[in-house]
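Here is a short briefing to read alongside the model. Have the structure open and turn it as you go.

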Amino acid sequence: MKTAKFSLAAAALLLALALGCGSSRPGYPYSWNDLRLISSYTAKTACSCLFVMEFDEAACRAYAKQEPPIATWTVDRNAKTVDASTGLMWGARARYMGPKFGCTLE
């Protein structure tokens, strides 16, 4: 009986930890998925700004900016791609697929 209570308590603790690890907490403004999302958002928005709306790069840098400004991006005009990164581990690439499809994430 004592082992069953211990196992139930351990399972509840593990569940609570698993649920808490994916959420943003005070002092941790971004969870793991948020950084990936910011990279993807920045790549897609900058690509659309540059190749669909055909704005200049300075205007697109202001348009694709988020607060706090943690994502950086580079553009390859020949390949019509935008690579964005947030930190060292998260990155995304958006490619212009033509006037019918616009920009898509790879």
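The notes below go through the sheet, the disulfides, the salt bridges and a surface patch.

This is a predicted model.

- Strand β1 (residues 71–76) pairs with strand β2 (residues 81–86) over 6 bridges, in the antiparallel sense.
- β1 and β2 make a hairpin with 4 residues between them. In the turn, K80 has a positive phi of about 55°.

**The disulfides**

- Counting bonded cysteines along the chain, the disulfides follow the pattern 1-4, 2-3.
- C47 is joined to C103, with an S to S distance of 2.1 Å. This pair links distant parts of the chain, since C47 lies in helix α2 and C103 in strand β4, 56 residues apart.
- The torsion about the S-S bond of C47 and C103 is about -75°, so this disulfide is left-handed.
- With a torsion of about -90° about its S-S bond, the C49 and C60 disulfide is left-handed. Both C49 and C60 are buried.

**Salt bridges around E57**

- Which residues does E57 meet in salt bridges? One is R61, with the closest N and O atoms 3.0 Å apart, and another is R77, at 3.8 Å.
- E57 and R61 are 4 residues apart in helix α3, so about one helical turn separates them.
- The bridge to R77 links distant parts of the chain: E57 is in helix α3, while R77 is in the loop between β1 and β2, 20 residues apart.
- E57, at 27% relative accessible area, is partly exposed. R61 is partly exposed at 35%, and R77 is partly exposed at 44%.

**Salt bridges on the sheet side**

- The side chains of E106 and R95 meet in a salt bridge of 2.3 Å, N to O. E106 is in the segment after β4 and R95 is in strand β3 (residues 90–96), 11 residues apart.
- E106 counts as exposed, with 54% relative accessibility, whereas R95 is partly exposed at 26%.
- Shared partners join D83, R93, R95 and E106 into one network of salt bridges.

**A nonpolar patch**

- V52, M53, F55 and Y63 make a nonpolar surface patch of about 380 Å².
- M53 sits in the loop between α2 (32–52) and α3 (57–63). With a relative accessible area of 34%, M53 is partly exposed.

Definitions and conventions:
Residues numbered from 1 in each chain as written. Predicted model: local features only at pLDDT ≥ 70, side-chain atom pairs only at ≥ 80, totals over all residues. Heavy atoms only, no water. Patch = residues over 30% accessible without salt bridge, like charges linked within 9 Å, V, L, I, M, F, W, Y side chains within 5 Å. Areas by Shrake-Rupley, 256 points an atom, 1.4 Å probe, with all protein chains shown as cover. Salt bridge = Lys/Arg side-chain N within 4 Å of Asp/Glu carboxyl O. Helix = DSSP H or I, 4+ residues; strand = E, 2+ residues; numbered from the N terminus. Buried < 20%, exposed > 50% of the residue type's maximum accessible area, 1.4 Å probe, protein only. Pairing = 2+ DSSP bridges. Disulfide = S-S within 2.5 Å.
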